[in-house]
Amino acid sequence: RVLCETPHRLFHVLSSMQVAASREIFPKPQWAALGPSTLVAAYHEDKYVGFFSGTGNGIVLDVATRDVVTIDLGAGTAVWDVWHDAASDTLYILAVEAGVATVRQWESPNANPMAYRWRSKEFFTSIPVLPAAIRVEGEQTQGNPVTVRVYSGGILRHTATIGDTKTRRLPIGRAEKAWELELSGSAPVSEVRVSTSVEELENGV
């Protein structure tokens with residue numbers, strides 16, 4: 001696969017055509033404002049992994065789902081190169097921290113997971129609904145929990161610290177037509193389920 005950055009789009013080049021991979025995520029002005037000319041990137045496991053050269057900021061774009069994640073390694077870390085070793089199917093970054101340059105394996109199994117903050121899109125319904133139950137499927141524990149924040153109309157409605165995969169109630173109390181979820185932590189999460197009742201969530205209705 002070949003992906004090519006341009007001032008207006010990130011293009012996914014196929015054998016017979018080229019597709020604007022960033023079209024559904026970044027409008028042209030927003031993509032241009034990111035500074036794509038400074039991106040150093042590589043393709044790995046169906047994802048475009050890119051950093052803005054000389055900074056700790058980057059993006060990970062899932063080419064298949066069009067999901068995008070932003071990365072912030074902190075002000076003290078600057079990434080200058082990204083490359084993929086085809087023989088081992090491993091991604092590496094060249095990073096400078098405190099004046100020392102090191103080559104690091106991306107998502108190394110020997111490294112501690114990075115902290116993340118993920119926010120969903122805003123979900124709309126035709127009538128007001130009340131999220132009453134939630135279950136987070138992942139590797140969170142009591143010692144390494146996940147924090148879930150529930151928003152409506154940009155207003156924080158509830159915060160929960162979850163250290164297991166059990167279904168729990170959401171004491172929100174007011175129905176709305178638009179909802180968002182935000183997750184933060186370091187434990188991997190595979191799925192978040194929200195429903196209007198514990199019964200629906202438990203029975204998979």
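Colleague: What share of the 205 residues in the protein chain is buried?

Modeller: Buried residues account for 38% of the 205, where buried means under 20% relative accessible area, exposed over 50% and partly exposed in between, with a 1.4 Å probe and protein chains only. This is a predicted model, in which local features need pLDDT of at least 70 and side-chain atom pairs count only at pLDDT 80 or more, while totals for chains, interfaces and linings use all residues. Residues are numbered from 1 along each chain as its sequence is written, and side-chain values use heavy atoms, with hydrogens and water left out.

Colleague: What makes Phe 51 and Trp 106 buried?

Modeller: Phe 51 has a relative accessible area of 0% and Trp 106 one of 14%; each value is under 20%, so both residues are buried.

Colleague: Why is Arg 119 said to lie over the face of Tyr 151?

Modeller: A charge sits over a ring if NZ of Lys or CZ of Arg is within 6 Å of the ring centre and within 35 degrees of the ring normal. Arg 119 is at 3.8 Å from the ring centre of Tyr 151, which is within the distance limit, and Arg 119 lies over the face.
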